[in-house]
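Please look at the structure below and follow how its parts pack together. The report takes one contact at a time.

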Amino acid sequence: MEYKLTTRNEVETIELAQNIESEKFPNMIICLEGDLGSGKTVFAKGFAGAMGIDDHITSPTFNIIKEYENGELPLYHMDVYRLEGDISELALDDYYHADGVVIIEWADMIKESLPKEHLYIKIKIIDEDTRLFIFKPVGKKYEDICEAVL
Ligand SMILES: Nc1ncnc2c1ncn2[C@@H]1O[C@H](COP(=O)(O)OP(=O)(O)OP(=O)(O)O)[C@@H](O)[C@H]1O
Ligand SMILES: [Mg+2]
């Protein structure tokens, strides 16, 4: 099952992230795929804000993983675009089971290292301000979330 939804500006993307955040649970995994500037970080920021994280969220591109511990749950925000070398050094499994929420930008680059169950979100740039979100829930929990909020 796939769910499609269009946002017409940055604020609508933040609201979309907030809606999904309202269904968060420990060890939730959100995978984001989309071209440069499609809105992956905007989505992550919207989600983080809804979790009560008050730190300034920046793109973790150069650090690969940023951890935010002051929200309702820990947030592990990853951007694997510049990942080089052996992916096993990242110890991704540890993050997947750390009872926080994991958001991965450029998840398509590590498809073979994603956990079995996750919420996969593809973002397509339609025009300057329009984005098409395609949600693919993998696993019952994620299907229920999509059913509930999309
Ligand atoms: N509907 C929309 N939703 C989200 N962002 C939008 C939308 N319309 C325009 N934008 C703009 O698109 C840009 C998205 O930037 P963002 O950093 O989130 O992209 P990204 O996918 O994380 O890119 P990168 O691959 O470089 O990390 C922002 O400048 C934002 O203001
Ligand atoms: Mg980004």
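## Contact between two helices

In this predicted model, helix H1 meets helix H2 through Glu10, Thr13, Ile14, Ala17, Gln18, Ile20 and Glu21. On the H2 side, the residues that take part are Val42, Phe43, Gly46, Phe47 and Ala50. Sorted by class, the contact of H1 with H2 holds seven nonpolar, three polar and two charged residues.

Two packed helices are described by the angle between their axes and the distance between the axes. H1 covers residues 10–21 and H2 covers residues 40–50. Their axes come within 8 Å and cross at roughly 50°. H1 and H2 are therefore oblique to each other. The crossing of H1 and H2 is right-handed.

## The sheet

Seven strands form an open sheet with mixed pairing, in the order E1-E7-E6-E2-E5-E4-E3. Strand E1 (3–7) and strand E3 (65–68) are at the edges and have a single partner strand each, so one side of each has no neighbour in the sheet. From one strand to the next, the twist averages 20°.

Within the sheet, strand E4 (residues 75–79) and strand E5 (residues 101–105) run parallel and are joined by five bridges. Asp79 stands opposite Glu105 in E5.

## Helices on the sheet

H1 packs on the sheet, where H1 touches E1 and strand E7 (130–138). The direction of H1 makes about 140° with that of E1. H2 lies across strand E2 (28–34), E3, E4, E5 and strand E6 (118–127). Relative to E5, H2 runs at about 165°.

How many of the 11 residues of H2 are buried? Eight are, so H2 counts as mostly covered. The buried residues of H2 are Lys40, Val42, Phe43, Ala44, Lys45, Gly46, Phe47 and Ala48. They pack against H1, E2, E3, E4, E5 and E6. Just after H2, Gly52 takes a positive phi of about 85°.

## An exposed loop residue

Asp86 lies in the loop between E4 and helix H3 (92–96). Is Asp86 buried or exposed? Asp86 counts as exposed because it has 7 C-beta neighbours inside 10 Å, and the cut-off for an exposed residue is 12 or fewer.

Ala48 in H2, in contrast, is buried. Asp86 and Ala48 are 38 residues apart along the chain, and their C-alpha atoms are separated by 28 Å.

Terms used. Residues are numbered from 1 along each chain as its sequence is written. Chains are lettered from A and ligands numbered from 1 in the order in which they are written. This is a predicted model: local features need pLDDT of at least 70, side-chain atom pairs count only at pLDDT 80 or more; totals for chains, interfaces and linings use all residues. Axes are lines fitted to C-alpha atoms, for helices over the stretch in contact, and angles run from 0 to 180 degrees between N-to-C directions. Helices (H or I, at least four residues) and strands (E, at least two) are DSSP runs, numbered from the N terminus. Angles under 35 degrees count as roughly parallel, over 145 as roughly antiparallel, 65 to 115 as roughly perpendicular and the rest as oblique. A crossing is left-handed if the near helix is turned anticlockwise from the far one by less than a right angle, and right-handed if clockwise. Two residues are in contact if their C-beta atoms, placed from the backbone, lie within 7 Å. Ala, Val, Leu, Ile, Met, Phe, Trp, Tyr, Cys and Pro count as nonpolar, Asp, Glu, Lys and Arg as charged, and the others, Gly among them, as polar. Two strands pair if DSSP finds at least two bridges between them. A residue is buried if 20 or more other C-beta atoms lie within 10 Å of its own, exposed if 12 or fewer, and partly exposed in between; C-beta atoms are placed from the backbone.
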